[in-house]
Amino acid sequence: MFDVNTVVVIIVMLLGLVLLGVHVAVALGITSVVGIYLVTGKFQIVERMLASTAAEALRDFTFAVIPLFMLMGEFIARSGAITDIYAAINRGVRRLPGRLTVATVIGNTIFSFVTGVSIASAAAFSRIAYPEMRALGYHKGFALGSIAGSSCLGMLIPPSVLMIVWGILTEQSIGRLFLAGILPGFLLAVLFLIYVVTTAILWPQATGEHRRKETAEDGAAAQPQPPEADGLKVLGSFAGIGFIIVGVLGGIWFGIFTPTEGAGAGAAVALLFAIVKGMRGRELLAAIFSVGKTAAPILILLLMAALYSRTLAMTGVTSAIQNFFLDSGLSPYVILALMVVVWFLLGMVIDSISIMLLTVPIFEPLAAALGFDRISFAVVGILAIEAGLLTPPFGLLVYTVKAAIADPDVGVREIFRYSIPYWIIMLIGMVSIVAVPGIANYLPNKLF
């Protein structure tokens, strides 16, 4: 039963706890417990709700998708295959302006198909690409901006952890959401490539091209060339990653197995592939521990989010917010813009998963009531939430890149500054999908 006082208490308490720095999972749990008690007045009901929610979450194999896909990406990242592929792409695009940034965008696009989180992409390419960019005289900000910006593709191109969480929260097909992210992901990748090539042409200093020309004119040492890539190793890396992508994602899309089964199979095949590529016991344990440290908090967050969703339903918050906006007379696109602004603002202070858990249970039903397509709205929402990884002061991707390069001469302010064009391109991508929902819907409609 809806009560204004109860709703005010729940919203103020949740926002207050988050702003005070309390972990979002704890804030969701406390708020849910208080909300259920205010509605029912009985601690026994609070206990039963918490117990039943936890039991259902623990029995749901869908939650296992997250650590398994993350494990698959971690094994491949530690196998050295991404380094081989990056070197091959680098050689292939050597005639293009800004070839190292072009190779970084293309490499991130490929790696996104095997990793579920953008952080893994940012860390991997900070270690692989940045040293080579610096060796060739690339501008530090331009180089690191390309790494941080293109790493955002990891949360849009499947298997994306954000899409898995969105599917769990909204009870949508994860396979359909995975398909919906492919064309928008390619669209962003193409826009990123256009930006880096255009910048390299208009601003030669960004790629150190002017220095290399001066060196060549002075008759000094020849222009540095891309590192040679062992053809057999590159072929093996492309074949292995291609097999995993086609086998896992294709199997999910064509109904051969469920997303959970596909994630398990992908992790197992990726482990074998990494062992063949030379990964040994110490790296194996490091990969497992790394995934555990990242996945465990996400799973706890999902448990608390399920309780939070039930609390919203009991208190009538979702229905009240829907009725308020539906009766406001505002255009659906104005309301959508307000949602995006909220996502942008939250992206400045908390992480993507937390933003999704706080807002999606409210925003997704509202968007459906306004007539927006659920699949394309999911892609728009994930893009808006992902853009928060590039916005200060939180900017998790920026801090990941900064930590991975270990370069004291580069500050996070410079990385934030040169990540702005990628943020703008993501905004263009959102507008494009709102204007043409078929960009997201084409593949799901074809295969499902």
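Predicted model: local features only at pLDDT ≥ 70, side-chain atom pairs only at ≥ 80, totals over all residues.

Student: Why is A337 called partly exposed?

Tutor: The relative accessibility of A337 is 39%. Buried means under 20% and exposed means over 50%, with partly exposed in between. The value for A337 falls between those limits, and therefore A337 counts as partly exposed.

Student: How far apart are A337 and I428 in sequence and in space?

Tutor: They are separated by 91 residues in sequence, and their C-alpha atoms lie 13 Å apart.

Student: What makes E171 exposed?

Tutor: E171 has a relative accessible area of 73%. The cut-off for exposed is over 50%, so E171 is exposed. This residue lies in the loop between α9 and α10 (174-180).

Student: Why is the phi of E171 worth noting?

Tutor: Most residues other than glycine have a negative phi. E171 is not a glycine, yet its phi is positive, at about 55°.

Student: What joins P158 and P159?

Tutor: A cis peptide bond joins them, with omega at about 0°. Most peptide bonds are trans. P159 is found in the loop between α8 (140-150) and α9.

Student: How do you know that M163 is buried?

Tutor: The relative accessible area of M163 is 1%. Buried means under 20%, so M163 is buried. M163 belongs to helix α9 (residues 161-170). Leaving aside neighbours within four places in sequence, M163 is in contact with M155, L156, L177, F178, G181 and I382.

Student: What makes I147 buried?

Tutor: I147 has a relative accessible area of 0%. That is under 20%, and therefore I147 is buried. I147 is found in helix α8. Not counting residues up to four places away in sequence, I147 touches T104, N108, A122, F125, S126, A129, Y130 and V401.

Student: Why are α6 and α11 called roughly antiparallel?

Tutor: Helix α6 (residues 99-111) and helix α11 (residues 182-202) pack at an angle of about 170°, their axes being 9 Å apart. Angles over 145 degrees count as roughly antiparallel, so the two helices fall into that class. T101, V102, V105, I106 and T109 of α6 make the contact with F186, A189, F192, L193, V196 and V197 of α11. By class, these residues are nine nonpolar, two polar and no charged.

Student: What makes α4 roughly antiparallel to α13?

Tutor: The axes of α4 and helix α13 (residues 231-253) come within 12 Å and cross at roughly 170°. This angle is over 145 degrees, and therefore α4 is roughly antiparallel to α13. The contact involves F69, M72 and I76 of α4 together with I241, I244, V248 and I252 of α13. Its residues comprise seven nonpolar, no polar and no charged.

Student: Which residues touch the most other members of the largest nonpolar core?

Tutor: That core has 138 residues, and those with the most contacts to other members are F69, I76, W166, F178, I241, M339 and W343. Leaving aside neighbours within four places in sequence, I241 is in contact with I76, A81, I82, I85, V114 and F273.

Student: How do helix α5 and helix α7 cross?

Tutor: The axes of α5 (residues 81-92) and α7 (residues 118-135) come within 10 Å and cross at roughly 35°. Their crossing is right-handed. I82, T83, Y86 and N90 of α5 meet F125, I128, A129 and E132 of α7. The residues of this contact divide into five nonpolar, two polar and one charged.

How values were computed. Residues numbered from 1 in each chain as written. Heavy atoms only, no water. Axes fitted to C-alpha atoms, helices over the stretch in contact; angles between N-to-C directions. Helix = DSSP H or I, 4+ residues; strand = E, 2+ residues; numbered from the N terminus. Left-handed = near helix turned anticlockwise from the far one by under 90°. Contact = heavy atoms within 4.5 Å. Nonpolar A, V, L, I, M, F, W, Y, C, P; charged D, E, K, R; others polar. Core = buried A, V, L, I, M, F, W, Y, C linked by side-chain atoms within 4.5 Å. Buried < 20%, exposed > 50% of the residue type's maximum accessible area, 1.4 Å probe, protein only. Parallel < 35°, antiparallel > 145°, perpendicular 65-115°, else oblique.
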